[in-house]
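Colleague: I am new to reading models like this one. Could you take me through it, feature by feature?

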Amino acid sequence: MITYYLRLALKSFRRSPGLAVLMVCAIGLGIAACVMTLTIYHVKSGNPIWWKNDKLYAVTMDSWDPNKAYDSRHPSMPPPQVTYKDAMYLAASKIPEHSAVMFRALGVLSGGTAQRRPEPIITRVTTAGFFPMFDVPFLYGGGWKSDADSAPGPVIVITREENDKLFAGANSVGRTIRWNDRDFRIVGVLDYWRPMPKFFDLNNGAFTEPEDAYIPFGWGPALQLVSAGNNMNWKPEELKTHKDFLNSETIWLQMWVQLPNSAAVQRMQSFLDSYWAEQHKAGRFPRPRNNRLTDVSGWLAANDAVSSDDEMLVGLAFAFLAVCLINTVGLLLAKFLNGAAITGMRRALGASQREIFTQHLVEVGVLAVAGALLGLVLSAFGLWALRVMFDDSDAIFGASGLPQLVRVDVSSIVATVALAVIAALAAGLYPAWRVGRLPPAIYLKSQ
Amino acid sequence: MSLDIRPIFSALLRNRTGAVLVALQVAIALAVLTNAVYIVDQRVTMIDRPTGIDDANMFVIDSTGFGGRFDYNASLRNDLDYLRGLSGVVDASPINHAPLSGGGSSTSIQLQPNIRNSSDTHPLNYFEMDEHELNTMGLRLIAGRNFRAEEILQPFSPAHPDAFVPQIILTKKAAESVFPKQNALGKTVYDGEGHSATIIGIVEDMLGTWPNTPQAPQSVAFFPRLPLMYGFYYLVRTRPGQRDAVMRTVEAHMATSNPDRVIRSVKPLSSIKRIVYLGDRNMAIFLATVTVLLVAITSLGIFGLATFNVSTRTKQIGTRRAVGARRGDIIRYFMVENGLITTTGVILGCALALGVGYWLSLQYALPRLDLYYLVGGILGLWTLGQIAVWQPARRASRVSPSVATRTV
C-alpha cells in the first residue's frame, strides 16, 4: 500500500512541480535557520562542566561603591571578581575541598628543544586547586601541590599545543623552560581542553581560548605581575606601590570553590557572611550584605554568556519556521483540495476516509524527508558560512574558539531530521484530514 | 468604480482557511520585517559611523618587554626613532590601548576636589600617549594647545605614583559633557583623590576604545603619560596607500631588533575595527538574510495560493465572464481579495510588531520601535502581496467565457 501511495505522491508532485519545490524549500530553509541559530545558542549556553554543576561555586562579595551597583543592568549582582585581600582570606578556609584564586597575565615562553624564538603567551596565574577542581585533563604529569602556591615554586603547566611547539610533542615533564626571564620546571602538560564558554573567567572573554601556561599564584605578588584582564576600582585610592594595589579595593581576581554538599555550601556561606560582618564593622563593604556562592549554570546566566543577540536570533528563526510551516499548510491545503475530483473518484471506488488520510500523509512525509535533506544541506552550508562570519583570528588579544565549535555534529543532524519530520507532519495533518472528509459526490458531478 | 468589496468579502468568509493562513503569514512577516530592519539599520549606522581618526592608514604594534634586562625607556626611544624615521610613516606614538579594540582604560573626573557623589563624576575613556598623539591619530586641535615633550610623564608604576596627570586634552564631546554650555579650555578638573588637571586642549571627536558598548564611557581624553611597560602598543599612521608595505618592513625589523621583547602582533587598525564590530555585522547579515527569505517565502506563498485559486475557480470565472464581467473586473477581483487578506494580516501584524518591539525594548534595553519602520513595512508587504497576485490574476482574466458552458 505504501509503495502505491508513494507512487501517487510522486504523480502529484509531477502535476505541480513548482509547488512541490516551493514547499520543500520552505521546510528546508525554516529548518536550516533554526538549526543554525540553535547551534550557536547551544554552544554559547552550554555548561562545559555540567557534571560538577552542584559542586563548583563562584565566590563573589559586594565590595562595590555605596552609591551605585557594579552593573546597572544587574543591580542585585555583586561584582564578578574579588579583591586580593578578600581572596587571600577566603582561600585560606578549609571548608571547600578545593579553591582557586586566579588571574590572566602576559608572559613570554622560551627554551625547549625546538629552538624557537621567544613566544608571547597568555598565562593563568592560579592556585593549585584549579586543576583538580575543573577536571582539567593532563597528557603528561599533573598540577602542582598547594605548597607551591604561597611561597611560589618555579613550576609550570603548559598546554598540549605549547608542548607541541616547544618539545615537538615529547613528554616534557621535568624539563626546564623560561617564563619571562626565569627558569620554571614543567610539572604537567595539559591534554586538549576547550571549556566553552570559559566559565571560570567570563569577564575577560567568555569564548577566548584557554591560557597557554599556568604558574602558581604566589608569583603574582612576588613578581608584581599585573592582570592582563579586567581591573576595576570604584574607590579613589592612592596606589603608590604594588603592595598598595594588593591592599586596595580593586577587583581583579576570579575565585571558585568546590563544595561537596549543601551543608558545606551553608558553612561556606556563613563563613563569607561572618567575614563580611567583621569587615563591615571595620568600615569596608559599604553596600548591603550580598555575598554569593553561584553554581556554574547560574554563573553563566548571570554573566550573560549568551548574548541578547543570540536569543533574538533563536526567536527570529522560530518565527521564520512558523511562517514556512503556515505557508506549507496553506499550499498543501490548496493542493489537496484542488485534487478533490480525483480523491472523490477514489472515495467512490471504495477508499475509506482513513485511507485517503494516510495517502495524503504519505505525500506530506515525502515532502518532509526532502525538506529535511535540504535543511541538512543548507544547515551545513550555513554553519560553514557562520564559521567564516565568526572568524576573529585577527583579534588583537585572544581569538575565540567559537568558529571551531560551530559545526554540524550528530546532535544537530538528529535535531534537523526530527524537526523537519515533526514540522512537516504537523503542517500536513490538517490538510490531509480536511481532504479525507470531503463528501465525494459533488466532486464527481463536475469541476 | 466600486471595488465590490462586499461580495469578495463574503466569498472569502465562505472559504476561510487559506485566507487566514495567508493573513497569519503576513502578520508574522510584518512583525519580523519591521523589527529586523530597525535593528539592522541601527547596527549598520553604528558600524558606518566615522571614527574621527585616520583609521584606514593606521596600524598597531603589540609589544611586550620581558626580563630584568629590558630597558623600557631605551627600547621606546629606539623604536619610536625607527618608526618615525621610516619613509611612508606620518607619525607614531606609544599608546596604552589600541583605539576601537574593545579593551581600554577609563577613569572618572569631577569638578570639585573633595566631593564623592557619583552624579557629579564624569566617566572618561583615556589614552596614554606622548606629544605625537594628535598627529598620529589624525585629529585636529579645535582650541588650546598640544602637550609639550617635557610634559610627558613616565608610566604609572610604583616608582611614579601620579595617578592623575597635570594636563589633559579632551575631545569636543567630552568637554561638552563635563562643561555643558561653557568653554572648557583652561578649566580645572579633579580625579577622585583630589589631584587637579588643567584642560589645555580640545580636539575633534573620535570614537574611543569601546565603539559599540553602551555601558562604556564614550567621552575620550588624552593623558600625557607613557603606557605601562607590560603589553603596550605603538600606534603608527602612514601615508595613504603605504600602510601594508610599511607594516611588512616594521614587522621584519622589530621581530629581531631587541632580544628582550617580543612582538605579539602587527595589525592594521582596519582589522581591529572589523573584529570589534564582528558581532554587530554578523547580527545584521543574519537578520537581513532571514528577513529577505521570510518575505520571499511569504510572497511565493501568496503567489502559489492565488495560482491555485485561479485554477479551482476556472468555471466560476468563465461564468462571470459569460455574464458580462470584463477582464479588468476579474483582475480586480483577485487584487481586492489579496488586498483584503493582506490588510487583515497587516492589522494583526501591527499589533504583533509593536508587541515584539515593546518586548525587545524591555528585555534588551533597545530603543523602542520607530513607527516609520512599521509604515514602511505595511506599504512594502501590501505592494509585495499585490505584485505576487498580479500574474495569477492576469491568467484568470484570460479564462475564456466559453469555459462556463462546458463541464471539465
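Modeller: Start with domains. Their bounds come from an automatic or database domain assignment. In chain B, domain 1 covers 5–48 + 279–405 and domain 2 covers 67–259. The C-alpha centres of these two domains of chain B lie 54 Å apart.

Colleague: What should I know about the model itself?

Modeller: It is a predicted model: local features need pLDDT of at least 70, side-chain atom pairs count only at pLDDT 80 or more, and totals for chains, interfaces and linings use all residues. Residues are numbered from 1 along each chain as its sequence is written, while chains are lettered from A and ligands numbered from 1 in the order in which they are written.

Colleague: How is chain A divided?

Modeller: Chain A has domain 1 (2–47 + 307–445) and domain 2 (63–289). Between the centres of domain 1 and domain 2 of chain A, taken over C-alpha atoms, there are 48 Å.

Colleague: How do I read a sheet?

Modeller: Strands of a sheet pair through backbone hydrogen bonds, either parallel or antiparallel. Here, two strands pair if DSSP finds at least two bridges between them. Helices (H or I, at least four residues) and strands (E, at least two) are DSSP runs, numbered from the N terminus. In chain B, four strands form an open sheet in the order β2-β10-β1-β11, with antiparallel pairing.

Colleague: Why do β2 and β11 of chain B each have one side without a neighbour in the sheet?

Modeller: β2 (89–95) and β11 (261–268) of chain B stand at the edges, each with a single partner strand, so one side of each has no neighbour in the sheet. The twist averages 20 degrees from one strand to the next. Angles run from 0 to 180 degrees between N-to-C directions, and axes are lines fitted to C-alpha atoms, for helices over the stretch in contact.

Colleague: Which residues face each other?

Modeller: Take β2(B) and β10(B), residues 232–238, which are joined by six bridges. There, D91(B) has R237(B) as its bridge partner. F59(B) stands opposite P268(B) in β11(B).

Colleague: Is β11(B) buried or exposed?

Modeller: Count C-beta atoms, placed from the backbone: a residue is buried if 20 or more others lie within 10 Å of its own, exposed if 12 or fewer, and partly exposed in between. Seven of the eight residues of β11(B) are buried. By contrast, E150(B) counts as exposed because it has 7 C-beta neighbours inside 10 Å. E150(B) sits in the loop between β5 (141–144) and β6 (167–171) of chain B.

Colleague: What lies across the sheet?

Modeller: Helix α3(B), residues 72–85, lies across β1, β2, β10 and β11 of chain B, at about 160 degrees to β2(B). Helix α7(B), residues 269–276, lies across β1 and β11 of chain B, at about 75 degrees to β11(B).

Colleague: And how do two helices pack?

Modeller: Look at α2(B), residues 16–48, and α10(B), residues 327–364: their axes are 7 Å apart, at an angle of about 35 degrees.

Colleague: Last one: how many residues meet between the chains?

Modeller: Two residues are in contact if their C-beta atoms, placed from the backbone, lie within 7 Å. By that rule, 51 residues of chain A are in contact with 59 residues of chain B. On the chain A side, α10(A) gives the most, with 19 residues.
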